[in-house]
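Keep the structure open as you read.

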Amino acid sequence: MKTLLIRNAACIATQDDAGTELRNASILVRGHTIEQIGAADAMPLMADEVIDARGHLVVPGLVNTHHHMYQSLTRAIPAVQDAELFSWLRGLYPIWAGLTPEMVRVSTQVAMAELLLSGCTTSSDHLYLYPNGVRLDDSIEAAREIGMRFTASRGSMSVGQSQGGLPPDAVVEREDAILHDTRRLIETWHDAAHGAMTQVAVAPCSPFSVSRELMRDSAELARAYGVRLHTHLAENDHDIAYSREKFGATPAEYAESLGWLGADVWHAHCVKLDAAGIGLFARSGTGVAHCPCSNMRLASGIAPVRRILDAGVPVGLGVDGSASNDGAHLLGEARQAMLLARVGRALEPFGCDRGPAEMTARDALALATRGGARVLGRSHDIGQIAPGYCADLALFNLSSLGFAGGAVHDPVGSLLLCASAPAAYTVVNGRVVVRQGRFTTVELEPLVERHNRLALELAEAGRR
């Protein structure tokens, strides 16, 4: 099997159970797996491929637990730049109705390129619109080409405006067709093995766009196949009001009534998760995808992340859709999570009892690595640098401008406290996907040019 040697790194933040950080150390990869970690002078000097990691920090590949990659086509649309969630969605649904398979493939690769350049090696994606022949297969094939580890979530919407839902009737699907296609996708693409590059999750979009029956049926289907469940929950005040009016329950209570709590479930946002809801999540092992930038962009609020973590709830990070974040830099998302947790607690009625230690730099890095792996059900093979784990690694050049004066004191702390840096190298499954800031799997410039052309076509079609 081919070997890869990451040689003489300035620092390796393993994110193992002990939080080990090694100085002047090396990593030996054999095939797709980490074989050995240790002091540089005790490791082999040669391999089939060698990366000189002097002056670099190495961390586990970051894990993104929530995204809508097609939305990179509708970043910064003027009409919804200052909208909250429901009006933002109403403004964009008619545009997204024009999505084509080519648009989904190209936007998926653009979104993944942005993630990979931020050190992210594993991402989920929640695709819940399927107009004009679009299939989730389009996203999966795009991920395989660019080389990203992928949890493809088969989203769905079945309750349109005529039935009291939020989306237009033109973008919803029949529930029997949704379930049939979900089965097909799981049987075609889902890999449950250690080190799987492609997994499928079952993901009805939200309480305001699908029926109780579809939520229940989706949970039964997912558990019959042993795959994970994902949806949006408790995102903002309107979301809470909708659940109380339509279902007579809080979002967490509604989820519990439908079988949507458990260690195989993760919910996006949970900004308005109350104490009772946090307790339900903690007792059931239900996970949360925390999306700080999107929550701020749409003025949804500040999720009580420290309270959620302290209760024992699994928490990972999500960049969310590129049209509700307008960026997909997962390291930047981790930095924002750290800063927002600090200021958010200070704004609470009884003040901040931990001060800046509400979330430390290492806490934020843990959310972006181990936390995300746990949320996606992959604590056994990604999220840390340890023998037997997948060779998913991100290397950052500590000599670059943003680290000046910081990395000399604390390389790991500076990764989160200083300006969010691009990765110098990104390794996925033992394959170098980004080398010295350049992609090895796709040509970025033509991809971006094609993406921009399609973005204009999509917006123009939506105005007709």
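Helix 2 (residues 101-117) and helix 15 (residues 444-462) cross at roughly 130 degrees, and their axes come within 9 Å. Helices here are DSSP runs of H or I with at least four residues, strands are E runs of at least two, and both are numbered from the N terminus. Axes are lines fitted to C-alpha atoms, for helices over the stretch in contact, and angles between N-to-C directions run from 0 to 180 degrees. This is a predicted model, in which local features need pLDDT of at least 70 and side-chain atom pairs count only at pLDDT 80 or more, while totals for chains, interfaces and linings use all residues. Residues are numbered from 1 along each chain as its sequence is written, and side-chain values use heavy atoms, with hydrogens and water left out.

Helix 2 and helix 15 are therefore oblique to each other. The classes are set by angle: under 35 degrees is roughly parallel, over 145 roughly antiparallel, 65 to 115 roughly perpendicular, and the rest oblique. This crossing of helix 2 and helix 15 is left-handed. That term applies if the near helix is turned anticlockwise from the far one by less than a right angle; clockwise gives right-handed. On the helix 2 side, the contact is made by Glu102, Met103, Val106, Ser107, Gln109, Val110, Ala113 and Leu117. Helix 15 supplies Leu444, Leu447, Arg450, His451, Leu454, Glu457 and Leu458. Contact means heavy atoms within 4.5 Å. By class, the residues are 9 nonpolar, 3 polar and 3 charged. Ala, Val, Leu, Ile, Met, Phe, Trp, Tyr, Cys and Pro count as nonpolar, Asp, Glu, Lys and Arg as charged, and the others, Gly among them, as polar.

Which other helix packs on helix 2? Helix 3 (residues 136-146) does, at an angle of about 40 degrees and with the axes 8 Å apart. Helix 2 and helix 3 are therefore oblique to each other. Their crossing is right-handed. From helix 2 come Pro101, Val104, Arg105, Thr108, Gln109, Met112, Ala113 and Leu116. They meet Asp138, Ser139, Ala142, Ala143, Glu145 and Ile146 in helix 3. This contact divides into 8 nonpolar, 3 polar and 3 charged residues. Gln109 and Ala113 of helix 2 take part in the contact with helix 15 and in the contact with helix 3.

Now turn to strand 7 (residues 120-127). Here 8 of the 8 residues are buried, so strand 7 is largely enclosed by the rest of the structure. Buried means under 20% relative accessible area, exposed over 50%, and partly exposed in between (1.4 Å probe, protein chains only). Strand 6 (residues 62-64) runs parallel to strand 7 and is joined to it by 3 bridges. Strands pair if DSSP finds at least two bridges between them.

Helix 4 (residues 175-189) and helix 5 (residues 212-225) pack at about 20 degrees, with their axes 11 Å apart. That makes helix 4 roughly parallel to helix 5. The crossing of helix 4 and helix 5 is right-handed. Glu175, Ile178, Leu179, Thr182, Arg183, Ile186 and Glu187 of helix 4 meet Glu213, Leu214, Asp217, Ser218, Leu221 and Tyr225 of helix 5. The count by class is 6 nonpolar, 2 polar and 5 charged.

Next, some single residues. His269 lies in strand 11 (residues 265-269). His269 is not a glycine, yet has a positive phi of about 85 degrees. It is buried, at 1% relative accessible area. Cys270 sits in the loop between strand 11 and helix 8 (275-284). Phi of Cys270 is also positive, near 55 degrees. Cys270 is buried too, at 0%.

Is Asp17 buried or exposed? At 68% relative accessibility, Asp17 counts as exposed. It is found in the loop between strand 1 (3-13) and strand 2 (21-30). Beyond its neighbours within four places in sequence, Asp17 contacts Arg370 and Gln384.

Pro387 lies in the loop between helix 13 (361-375) and strand 14 (393-397). Pro387 is exposed, at 55%. Pro387 and Ile34 are 353 residues apart in sequence, but 5.0 Å apart in space, C-alpha to C-alpha. Not counting residues up to four places away, Pro387 touches Ile34, Glu35 and Ile37.
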